[in-house]
Amino acid sequence: MMRATLLAVLIGICGFCLVSQAQNAGTSGDEDAIRKVVVAMTEGFNRHDANAAAQMYEPDARFVTVRGEVLNGQPAIEKGLASILGTRAKNSSQRTLDVVVKLLRPDIALVHVTNELSGLVAPDGQTLPSHQEISLRVFVKESGVWRVAAFQNTLVRPFNAP
């Protein structure tokens, strides 16, 4: 009886360890795949192609622009990006400076992307100076494909320091 109990405890501990490792496991292949999605997003933006810049979003994704505009769902994100790329960002370009991938589970990742934007236009028509933005993107993996479930963009140091 003692032997059976000890065996059950050991099996339980080993099972817990395997599940724990699996939850934290991520492969360099996953990071590479996520980075490719980030590149595709940037390339779509730089071609001013809203469809290409939005195709990797989940159907019910949420997108928050640097100005605090909230777009819900992939169709609204594509439409919002088309509006931005056709107006204030019509002459803009984006350059990725840094990508940090943190796999929370084998199917969920947090990704911080720092970009430099140039060529944005103010409401008065003046070209704004280049600036940096950092976005937090939540990626989910379904059927082996990484997609964006949420995106939030923030200006880096938006105010002059005193």
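Me: Why is aspartate 107 called partly exposed?
Reply: The relative accessible area of aspartate 107 is 27%. Buried means under 20%, exposed over 50%, and partly exposed in between, computed with a 1.4 Å probe on protein chains only; aspartate 107 is therefore partly exposed. The model is predicted, so local features need pLDDT of at least 70 and side-chain atom pairs count only at pLDDT 80 or more, while totals for chains, interfaces and linings use all residues. Residues are numbered from 1 along each chain as its sequence is written, and side-chain values use heavy atoms, with hydrogens and water left out.

Me: What makes arginine 105 and aspartate 107 a salt bridge?
Reply: Their closest N and O atoms are 3.1 Å apart. A salt bridge requires a side-chain nitrogen of Lys or Arg within 4 Å of a carboxyl oxygen of Asp or Glu, and the pair therefore qualifies. Arginine 105, at 39%, is partly exposed.

Me: How do you know that arginine 35 forms a salt bridge with glutamate 31?
Reply: The closest N and O atoms of this pair lie 3.9 Å apart, which is within the 4 Å limit. Both belong to helix H2, where a separation of four residues amounts to about one helical turn. Arginine 35 is partly exposed at 32%, and glutamate 31 is partly exposed at 28%.

Me: What makes the salt bridge of arginine 147 with glutamate 58 a link between separate parts of the sequence?
Reply: The closest N and O atoms of arginine 147 and glutamate 58 are 3.2 Å apart. Arginine 147 lies in strand S6 and glutamate 58 in strand S1 (residues 57–64), so the pair ties together parts that are 89 residues apart in sequence. Strands (E, at least two residues) and helices (H or I, at least four) are DSSP runs numbered from the N terminus. Glutamate 58 is buried at 11%, whereas arginine 147 is partly exposed at 24%.

Me: How do you know that the buried residues of H2 line one face of the helix?
Reply: The buried residues of H2 include Ile34, Val37, Val38 and Met41. Seen down the axis of H2, the buried residues fall within an arc of 165°, so they line one face; the arc is that of the directions from the helix axis to the C-beta atoms. On the other side of H2, Ser28 and Lys36 are exposed.

Me: Why is arginine 157 called exposed?
Reply: Its relative accessibility is 73%, which is over the 50% cut-off. Arginine 157 is therefore exposed, and is found in the segment after strand S6 (145–155).
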